Amino acid sequence: KIPVYYTADECQSILDAIDRANSKGKRDYAMILLGVRYGLRISDIKEFKFSNIDFKGNGIHITQVKTGKQLSLDLLPDVGWAIIDYLKNGRPETDSPNIFVRHVVPHTSFSNADCMNFIVRQYARAAGITKTNTSRSSFHMLRYGLASTLLQKNVSLTTISSILGHSELNVTTKYTQIDVPQLQICSLEVPNDLS
């Protein structure tokens with residue numbers, strides 16, 4: 001079963017569908033951008049703290065919620081500016097150490113129980129993107145989308161594993177099932193006479 005994911009063009013369409021003129025849009029844009037550019041899990045995005053960003057050193061440093069593994073990535077300019085825009089022009093006043101917070105009173109951090117897939121779903125719908133083989137939309141589809149894009153650019157599995165923060169390379173090999181062009185090369189011709 002091939003996982004359902006958003007292509008690079010679909011990810012861009014989802015980002016373009018976000019109204020960044022309002023505070024919630026600024027938050028959602030920055031959250032989705034972290035999913036698109038880095039393939040971060042929603043658990044890591046919800047736990048994203050001020051201490052995870054090194055603006056001077058242009059880096060992001062997190063301990064992944066799922067694996068407990070440290071992950072360090074370059075701070076991409078568009079991600080940095082999206083976070084700055086949210087912090088300066090969209091984030092409500094709150095004492096939360098987490099960057100992304102609820103936009104309803106009280107302005108608290110998201111809990112582990114909060115399912116955030118509705119955020120991706122609403123902008124995918126606004127962009128006119130529907131997936132015929134699933135009714136769901138999720139941040140994990142952004143993660144698979146990044147892996148697919150990197151595979152198409154012939155980025156090594158070791159590098160993809162490092163970017164996605166996998167604990168072992170064999171976890172990353174599961175993502176090769178979304179590399180449809182490579183799978184097509186491996187396909188066998190079906191004989192005309194099956195009798």
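Predicted model: local features only at pLDDT ≥ 70, side-chain atom pairs only at ≥ 80, totals over all residues.
Let me begin with helix H4, which runs over residues 77–89 and has 13 residues, and which reaches 18 Å from its first C-alpha to its last, close to the 18 Å expected at 1.5 Å a residue. Its buried residues are Val79, Gly80, Ala82, Ile83, Asp85 and Tyr86, and what covers them includes helix H2, residues 23–38, and strand S1, residues 53–54.

Tyr86 brings me to the aromatic rings. With a relative accessibility of 0%, Tyr86 falls in the buried class, and Phe100, whose relative accessible area is also given as 0%, is buried as well. The structure holds two aromatic pairs. In one of them, Phe48 and Phe100 are stacked, at 6.3 Å centre to centre and with 20 degrees between the planes. Because Phe48 lies in the loop between helix H3 (42–46) and S1, while Phe100 lies in the loop between H4 and helix H5 (117–126), this pair ties together parts that are 52 residues apart in sequence. In the other, the ring centres of Tyr86 and Phe100 are 5.7 Å apart and the planes stand at 25 degrees; planes under 30 degrees apart count as stacked, and therefore the pair of Tyr86 and Phe100 is stacked. Here, too, distant parts of the chain are linked, since Tyr86 belongs to helix H4 and Phe100 to the loop between H4 and H5, 14 residues apart. Taken together, Phe48, Tyr86 and Phe100 form one aromatic cluster.

Which residues of the largest nonpolar core touch the most other members? Of its 40 residues, they are Tyr6, Ile32, Leu34, Phe48, Phe100 and Phe139, and we have already met two of these names in the aromatic cluster, namely Phe48 and Phe100. At least two residues of this core are supplied by each of helix H1 (8–16), H2, strand S2 (59–63), strand S3 (70–74), H4, H5 and helix H6 (139–152), and the largest share, eight residues, comes from H2. If we leave out residues up to four places away in sequence, Leu34 touches Gly39, Leu40, Ile45, Phe48, Ile60, Val79 and Phe100.

Notes:
Residues numbered from 1 in each chain as written. Heavy atoms only, no water. Helix = DSSP H or I, 4+ residues; strand = E, 2+ residues; numbered from the N terminus. Expected span 1.5 Å × (residues − 1). Buried < 20%, exposed > 50% of the residue type's maximum accessible area, 1.4 Å probe, protein only. Contact = heavy atoms within 4.5 Å. Phe/Tyr/Trp six-rings, centres within 6.5 Å; stacked < 30°, edge-to-face > 60°. Core = buried A, V, L, I, M, F, W, Y, C linked by side-chain atoms within 4.5 Å.
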